[in-house]
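Subject: Structure handover

Hello,

Here is the structure for your files.

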Amino acid sequence: MKYTINHATVLGSGIMGSRIACHLAGVGIPVLLLDRVFEAPQNTSEQEAAKSNPAIRNRIVDESLQNAIKSNPSPLYHPSFAKRIQTGNFEDDLNQISQSDWIIEVIVEQLPAKQQLFEKIEVHRKAGSIISSNTSGIPIQLMNAGRTEDFRRHFCGTHFFNPPRYLKLLEIIPGPDTEPWVLDFMMDFGSRILGKTTVLARDTPAFIANRMGVFGIMALLNTLERTGLNITAVDQLTGPLAGRPKSATFRTCDVVGIDTLARVAKGVAEHCKDDPDRHLFAFPTFLDYMLERQWLGDKTGQGFYKKTRTAEGGKKILALNLQTLEYEEQTKTKFPLLDPIRQEENLSKRLPMLVQMPDQAGEFYRINLSHMFRYASLHAMEVAGELYRIDDAMVAGFGWQLGPFASWDAVGVRQMSQLMKLYGIPPAPWVDDMLAKGNEHFYRATSDGKEVYQPSVGSYIPVPGSRGIVRLEYIRSTNTVWKNAGCSVIDIGEGILNLEFHTKMNALGSEIIAGFHQAVNRAEQDFRGLVIGNEGEVFSAGANLGMVFMLAVEQEFEELDMAIRAFQQFTMRARYSSIPVVVAPRGLTLGGGCELTLHADAVQAAAETYIGLVELGVGVIPGGGGTKEMALRISDRLQSGEVPYAPLQKAFMNIATAKVATSAYEAFDLDYLRRGDRISVNERTHLTEARQLAIDLAEAGYRRPEPRKDIIVQGRGGMALFMAGINGMRMGNYISDHDRKVATKLAYVLCGGDLSQPQAVSEQYLLDLEREAFLSLLGEKKTLERIQSVLKTGKPLRN
């Protein structure tokens, strides 16, 4: 059935409701956000005014929305999108929901309150409109009891995870009477428009992600005594090392709220009396103690961790000793066997290494993975119906790199199953049946996608959404046409190649540059276009600073000059080849990664692209064409009629302050993206859409452009403007002598050097200025000190 959501209503403006409204507005949907009427204190001047003054009556919803907008990280892709949200209250404005195609309830998790609100909704909603609840666990079948047939047929659960913009999971839960087309529509709408990983869950306690995630935490809490580890040691083991978020286990509990964890655990235990692992949902003594004393985590200032101040006024975080129930200094546990394992960046290779360790850490992994794998295998069919839904939910909702079944595949299904039995934690019987048939994996790649084992039929079925889309993980082993240690050139179909990076933080060095030229050569000969894109949280953190630092320290300036020329030729060829080059940034896109993006024929950016020219953070200017390109874009703005110095000053400040866009939408404001560049909200289809953009350019008759020779620069007039500001900043001690030197070099290149008047110059002229400035700054002691500091910390540059 054809259906469109042109307008939505969000009922409830709390932390989740206000942020869901922001996310809907972010993807272009006008939203009505409603909440309770503000009750003015009795016997005050506001009490009478509150009867008719909308500003007072809407105070709850207005303040909630403003708090959301001001929060960091922002729930909006761009501040201007807040204009798409209209506010009101349940008493005065509920009739306006008649204009909405989707009404989502996000009020307190109490069944009577939800049922009362649904009764009011039914009076005003238009027939056929979709209604849903953001409940995290109340059965859908209970919520729509007593409602009309039309209401029940169009009602389902839509469970977002907080924060909705950043956590990609959206669980769709059917009620007993939900029309199949409603579910199909919401699954597609959630994925295609909202950018979510939509997972169809069954109407079981806590649905999928919370059921599995909370079990994992509770099982860990109940087996801590067996492993003998303290909470800081556990968080060392259950963070990025194991493919989990940095918040690991106990920090996550504090962020989510220990009362929330307890509520979900209690609900599962109460409603799943036949669960063979129900005993693991019991509260350990220390958890009861914490709940009694309201040690609930961040919301109360202390939980498993407690923030305090040192005698000098500095911040200190103490950890709870679960034996004494006293807070104490954190102590980092040494696990010597982990040192070589940390060097392995591939999680699928790292997990079996962790499980095989013969020490206390290895025992911890064996016990806790055994519990997780057993529980997932026992309940997969009950809560999800298909194994891949469990994995999708945990990856998108809890930030795991690999879900339970993908992790089990990595460790080895047969080996781990045997180990689980030795530990008295056996998997579900169907796992033995699968292995008995000679099937050693839950997943297997095919020529056109991915398949997953389906216990109910005893064979493999296609993973929905894996066919027809570009997923490098599916085709990397079969479609790679060229590779080296730093990158791979992969045939992604439809006559398009893809260049994928493999270096640490995808730093751009000689290997990637060589791979790029190979990719362009092959594409020019046998293909229609090239996409440059990766699957991961980092597109590129910039150029290889280690190589630059080594050459600068050794004062190998001729080699440095050659290296910078090579990098400039690399970025320039991205624009000046005979095939369209589409860059598909996602996540961190800094320094050289930004410069490469700036030179693409077109950009298909993921919505969550954090892009910027950050080189000034180490005391140099962008040297790979970035400064030149900003001068070019300034010139184009001038030729369209803008006042000369406004865009020049804006570009200077963006580079000088290492400004990083917080989304692809904001990147347009910074001139890092241009008209015609596109944005992908759903990261799963990002490279597919990038491929289509390359195809569109090719089929439109792409021709290699000519290098520009018409770039208008301001010369000494622009420099005078900048020098007044730079010298003023130095005189006021806002910047150092070195900062002044770097800023002067930046202004010099942006203004086209020592020219007596505005005039047209070529790209190569600006590249030469840029390279000379870059090299001169590498001779500065302060610059080398800053580069060395970045290399020591291992953290990418950003503002």
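This is a predicted model: local features need pLDDT of at least 70, side-chain atom pairs count only at pLDDT 80 or more; totals for chains, interfaces and linings use all residues.

Residues are numbered from 1 along each chain as its sequence is written, and side-chain values use heavy atoms, with hydrogens and water left out.

Helix α6

Helices (H or I, at least four residues) and strands (E, at least two) are DSSP runs, numbered from the N terminus. Helix α6 covers residues 111–124, which is 14 residues. The expected span is 1.5 Å times one less than the number of residues.

Which residues of α6 are buried? They are K114, L117, F118, I121 and E122. These cover an arc of only 150 degrees around the axis, so they sit on the same side of α6. The arc is taken from the directions from the helix axis to the C-beta atoms. On the other side, P112, Q116, K120 and V123 are exposed. Buried means under 20% relative accessible area, exposed over 50%, and partly exposed in between (1.4 Å probe, protein chains only).

Salt bridges

The count is 52 salt bridges. The rule asks for a side-chain nitrogen of Lys or Arg within 4 Å of a carboxyl oxygen of Asp or Glu.

- D177 and R152 meet at 2.9 Å, N to O. D177 lies in the loop between β7 (169–174) and α9 (180–192), and R152 in helix α8 (residues 149–153), so the pair ties together parts 25 residues apart in sequence. D177 is partly exposed at 35% relative accessibility. R152 is partly exposed too, at 25%.
- R528 and E699 meet at 3.2 Å, N to O. R528 lies in the loop between α24 (510–526) and β18 (529–533), and E699 in helix α31 (residues 686–699), so this pair ties together parts 171 residues apart in sequence. R528 is partly exposed, at 30%. E699 is exposed, at 58%.
- D768 and R771 meet at 3.1 Å, N to O. Both lie in helix α34 (residues 763–778), three residues apart, about one turn of the helix. D768 is partly exposed at 25%, whereas R771 is buried at 5%.

There is also a network of salt bridges. It links K450, R471, E473, R476, E500 and E535.

Aromatic contacts

The structure holds 30 aromatic pairs. Rings of Phe, Tyr and Trp (its six-membered ring) pair if their centres lie within 6.5 Å; planes under 30 degrees apart count as stacked, over 60 as edge-to-face and the rest as tilted.

F151 and F155 have ring centres 5.6 Å apart and planes at 25 degrees, so the pair is stacked. F151 is buried, at 0%. F155 is buried, at 0%. F567 and F570 have centres 5.3 Å apart and planes at 85 degrees, so that pair is edge-to-face. Both lie in helix α26 (residues 557–575), three residues apart. F567 is buried at 9%, and F570 is buried at 0%.

One aromatic cluster is formed by F373, F405, W408, W430, F442, Y453 and Y460.

Two arginines lie over ring faces. R84 is over F81, at 4.2 Å from the ring centre. R293 is over Y289, at 3.5 Å. The test is NZ of Lys or CZ of Arg within 6 Å of the ring centre and within 35 degrees of the ring normal.

Best wishes
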